[in-house]
Amino acid sequence: MRLSLCTWAEVEAYLSRSKGIIVPIGSTEQHGPNGLMGTDAICAEAVANGVGEATGALVAPVISIGMAQHHLAFPGSITLRPSTMIAFIADYVFSLARHGFRRFMFINGHGGNIAPTSTAFSEIYAAASLDPSGTVPRLRCILRNWFDGEEVARLSREFYGDRLGTHATAAEVAMTQHLHPEAIKRVAMPPVVPTRRRFTDALDLRELHPDGRIGSEPGLATPEHGRALYEAAVRECAAAWTAFMDEA
């Protein structure tokens, strides 16, 4: 059930039986020679919609721009400043809380979003803690990375071993190939460059990883791998959603 495809009356009816909502969050950034710019948002949105279909949960519109300043040396990448992203998430959550939503599960597809999203949750909780009137609603927010589940990790190791990498991974490229077979890119790639150290700003990342991959060999990705990873991610995130909503 997607909020963007509902009427206001349908959202109001949903709120009469549930106060929870799923928020997919990703990024628009380079993903190596054969990875789509929208990979992180595409994967997060697809998994969130799969969870919504499996559980009856309402799914909010995807946040498709994240904290990706370190990718800006590659054309097409878009970022929010960490401070902008924190404020954006808070406004997004408080807008929905205004209507009665109280539990928010963010399904995330981008590692760079973890810190600002967690900080945004702290800002949201502080708004209630510091409110002298006691009228700010008490909310619960959790962040779930679709790629962190045990089954997804097991499949990734089985498919790619130590060639998975940490950015432009074969796993996320495979999932986009399953979801958008019409957009599969076939590109010859040199052997992966070992990661020497952590990067800092955008130029530093491109100097260390000239084609955008970080320890990965996404040429190993297949749509069949992507389907298995997608189904595992939906199962694990659906279980996390059910546990979240069952909490006292």
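Strand S1, residues 20–25, pairs with S3 in the parallel sense, over six bridges. At one of these positions, Ile 25 has Asn 108 of S3 as its bridge partner. This is a predicted model.

S3 also pairs with strand S4, residues 140–145. The sense is again parallel, and the pairing runs over six bridges. Here Ile 107 stands opposite Arg 144 in S4. To get from S3 to S4, the chain passes through helix H4, residues 114–129. This β-α-β crossover is right-handed.

Now look at how S3 itself is covered. The strand spans residues 103–108, and six of its six residues are buried.

Leaving aside neighbours within four places in sequence, Ile 107 is in contact with Ile 22, Val 23, Pro 24 and Ile 25, among others. Its contacts also include Ala 44, Val 47, Ala 48 and Val 51. Arg 144, Trp 146 and Cys 237 complete the list.

Where does this lead? In soluble globular proteins, nonpolar side chains tend to be buried together. The largest nonpolar core here has 57 residues. Val 47, Val 51, Phe 101, Phe 104, Phe 106, Ile 107 and Trp 146 touch the most other members. Helix H8, residues 223–246, gives the most to this core, with ten residues.

Notes
Residues are numbered from 1 along each chain as its sequence is written. This is a predicted model: local features need pLDDT of at least 70, side-chain atom pairs count only at pLDDT 80 or more; totals for chains, interfaces and linings use all residues. Side-chain values use heavy atoms; hydrogens and water are left out. A nonpolar core is a set of buried Ala, Val, Leu, Ile, Met, Phe, Trp, Tyr and Cys residues joined through side-chain atoms within 4.5 Å. Buried means under 20% relative accessible area, exposed over 50%, partly exposed in between (1.4 Å probe, protein chains only). Helices (H or I, at least four residues) and strands (E, at least two) are DSSP runs, numbered from the N terminus. Contact means heavy atoms within 4.5 Å. Two strands pair if DSSP finds at least two bridges between them. A crossover is right-handed if, with the strands pointing away from the viewer, the path from the first strand over the helix to the second runs clockwise.
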